[in-house]
Amino acid sequence: MSDTVSNETTVAVEERDPSLGPGDVSTGPAGEINGTVPIIFLDNVSVVFNTRTGSLFHPNKVQAVKDLTLRLMPGETLGIVGESGCGKSTTANIMCGLQQPTSGTVYFKGEDVTKRSAAQRRLIGRVISVVFQDPATALNARMSVHDQLIDPLNVHSVGTKDEREKRVNSLIEMVGLPGSVMEALPGQLSGGQRQRVAIARALALSPDAIIADEPTSALDVSVRAQILNLLTDLKKELGLSMVFISHDIQTVRYISDRIVVMNRGQAVERGSAEQVFNNPKDDYTRLLLGAAPSLLHPDLGK
Ligand SMILES: Nc1ncnc2c1ncn2[C@@H]1O[C@H](COP(=O)(O)OP(=O)(O)OP(=O)(O)O)[C@@H](O)[C@H]1O
Ligand SMILES: [Mg+2]
């Protein structure tokens, strides 16, 4: 690509992307900041769904995501927060390659994958893993924990048979489960243990990033903090990037470096976790902060 083209793109991206800090320069078309390539870069992405409520020739359209530009940089945790239906899961699905945008461009580690080929889909599968709200849907009810964990290693022919067995053992240890769960079926485990198995499975192929879409909302209150701490520890130990999605702004704050607040498919506010909490610029962010009881900032939202 010639210099002229990338310069033009750079200007356009910076104009659209208020997430760039004062010292940040976007140095290339794939969303690079100061020379660092984002793991994921969504460039002005929109998603429109046709819904069944309209007639055949006049379908109703839902704009789930609108003109969204965001980056996931190496090693950071990006929090996405907003009320139900604001487009969080649709954004997550675009980020992990499950959903194609109606318009806009998606980059993985500098590569345009908007119209992805089979090879690119495999790349995305290894770079990005997803942890869903309900671990029961992510796991096969008829497969033992051991078999669920070795499955992705077999599919991608990782290492020798011995190495794969070792990897399964270390995955179980990593997520703080006893070796005795190996032969258990998901139904025999507690909700928290099941989510640990789902996290271990997500880590099996050593991804660069994990997308966690409401990973604690289906869990008992008493184990939520444990799962959050596990995700934070793993992220630090393994140098992972993480996208953490929740409707609960307090949880997002606890875990994130940077936060994007979404409302009706758009990013209405973004900044460091500190900025968004201590100095929210947008009315909707203030509303979210006000709706969540906070012992730290009891006056916010009044
Ligand atoms: N496959 C689909 N077909 C039609 N409409 C959809 C589809 N998926 C999502 N939508 C609509 O797009 C909008 C955004 O949905 P999305 O699931 O991304 O929201 P969300 O923020 O994840 O909500 P929640 O917090 O409830 O999980 C909603 O209005 C939803 O009804
Ligand atoms: Mg959702």
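In what order do the six strands of the open sheet stand? The order is S6-S7-S8-S3-S9-S10, and the pairing in this sheet is mixed. Before we go on, keep in mind that you're looking at a predicted model. Now find the edges of the sheet. Strand S6 (128-131) and strand S10 (266-272) sit there with a single partner strand each, so one side of each has no neighbour in the sheet. As you step from one strand to the next, the twist averages 15 degrees.

S6 is joined to strand S7 (residues 209-213) by four bridges, and the two run parallel.

Now for another sheet. This open sheet has four strands in the order S2-S1-S4-S5, and its pairing is antiparallel. Its edge strands are S2 and S5 (111-112), each pairing on one side only. Let's walk across it. S2 and S1 run antiparallel and are joined by nine bridges; here Val45 has Leu68 in S2 as its bridge partner. Tyr107 stands opposite Asp112 in S5. A helix joins the picture too: H2 packs on this sheet and touches S1, S2 and S4, with its direction at about 125 degrees to that of S1.

Those elements come up again when you look at the ligand. Which residues are closest to ligand 1? They are Phe49, Ala64, Ser84, Ser89 and Thr90, out of 13 residues that surround the ligand. Strand S1 (40-51), strand S2 (60-72) and helix H2 (88-95) are the elements that give two or more residues to this shell. H2 gives the most, with three residues. Sort the shell by class and you get four nonpolar residues, eight polar ones and one charged.

Let's move on to how helices pack. A pair of packed helices is described by the angle between their axes and the distance between those axes. Start with H5 (residues 145-155) and H7 (residues 191-203): their angle is about 20 degrees, and their axes are 8 Å apart. Why do we call H5 and H7 roughly parallel? Angles under 35 degrees count as roughly parallel, and therefore this pair gets that label. H5 passes H7 in a right-handed crossing. On the H5 side, the contact uses Val145, Gln148, Leu149 and Pro152, which meet Val197, Ala200 and Arg201 in H7. By class, this contact has five nonpolar residues, one polar and one charged.

H5 also packs against H6 (residues 161-174), at an angle of about 130 degrees and with the axes 10 Å apart. That angle makes H5 oblique to H6. The crossing of H5 past H6 is right-handed. Here His146, Leu149, Ile150, Leu153 and Asn154 in H5 meet Arg164, Arg167, Val168 and Leu171 in H6. The classes in this contact are five nonpolar, two polar and two charged residues. Look for Leu149 in both places: Leu149 meets the H7 side, and Leu149 is also among the H5 residues that meet H6.

Conventions
Residues numbered from 1 in each chain as written. Chains lettered and ligands numbered in written order. Predicted model: local features only at pLDDT ≥ 70, side-chain atom pairs only at ≥ 80, totals over all residues. Axes fitted to C-alpha atoms, helices over the stretch in contact; angles between N-to-C directions. Parallel < 35°, antiparallel > 145°, perpendicular 65-115°, else oblique. Left-handed = near helix turned anticlockwise from the far one by under 90°. Contact = placed C-beta atoms within 7 Å. Nonpolar A, V, L, I, M, F, W, Y, C, P; charged D, E, K, R; others polar. Near = placed C-beta within 6 Å. Pairing = 2+ DSSP bridges.
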